[in-house]
Amino acid sequence: MHRGAVGVQTLNLELQRRLNGRSPRFTFGARVFRRGDKVMQLKNNYHKEVFNGDIGLVTGLNAASGQLLVDFDGRVVSYDPGEGEEITLAYAVTVHKAQGSEFPGVLLVLTTHHYLLLQRNLLYTALTRGRRLVVLLGTKKALAMAIRNDQPVRRYTNLSTRLRKAIKNPAHRD
């Protein structure tokens with residue numbers, strides 16, 4: 001989850017401080033980034049050719065334009081000050097954001113703080129993101145809860161109602 005003592009927001013700030021705390025810092029919007037910070041693109045930006053889930057490294061800040069510079073696999077992308085919400089620190093990411101990706105190593109924080117997400121399918125997804133190393137940090141109780149819970153939380157999207165409405169009246173679309 002994002003919030004809480006072991007949420008990705010808290011973990012990212014602490015990991016940034018511990019892993020990259022001596023690098024030059026840049027205030028970008030309401031957030032602080034450092035040269036070398038690992039960041040993730042949060043939504044597709046076709047103009048910049050960066051997409052949801054892409055991971056890059058902060059290389060600097062253009063003082064004249066106020067643009068944050070991020071290297072995505074050898075291609076530097078500039079972010080204007082108003083585009084700061086498109087990226088976030090990525091030392092820690094949610095299982096949802098990690099889907100479809102692999103990492104050399106994964107540290108999985110597994111506690112009862114986020115009991116709603118202790119589900120077998122999410123545990124499986126998290127465990128299979130690590131190529132060479134996966135470390136579980138948490139409690140046996142949380143692990144047992146996740147293993148036993150094979151009923152994912154049901155999502156109510158209203159999709160079936162919208163589809164029925166679109167089929168009945170093709171001219172009326174949201």
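A pocket is an open set of points on a 1 Å grid over the protein atoms alone, where a 1.4 Å probe fits and protein lies on both sides within 12 Å along at least five of seven lines; lining residues have an atom within 4 Å of a point. The model is a predicted one, where local features need pLDDT of at least 70 and side-chain atom pairs count only at pLDDT 80 or more, while totals for chains, interfaces and linings use all residues. Residues are numbered from 1 along each chain as its sequence is written, and side-chain values use heavy atoms, leaving out hydrogens and water.

The second largest pocket holds about 450 Å³ of space. It is lined by 20 residues, and Gln9, Asn12, Arg31, Thr88 and Leu89 are the closest to its centre. Helix H1 (8–20) gives the most to this lining, with six residues. (Helices are DSSP runs of H or I with at least four residues, strands are E runs of at least two, and both are numbered from the N terminus.)

As for the largest pocket, about 1300 Å³ of space lies there. Its lining counts 42 residues, with Val8, Val93, Thr94, Val95 and Leu108 the closest to the centre. Strand E8 (103–110) is the top contributor to the lining of the largest pocket, at eight residues. Helices H1, H2 and H3, along with E8, each supply at least two residues of that lining.

Note on methods
Contact = heavy atoms within 4.5 Å. Points joined across faces, edges and corners; volume = space filled by probe spheres on them.
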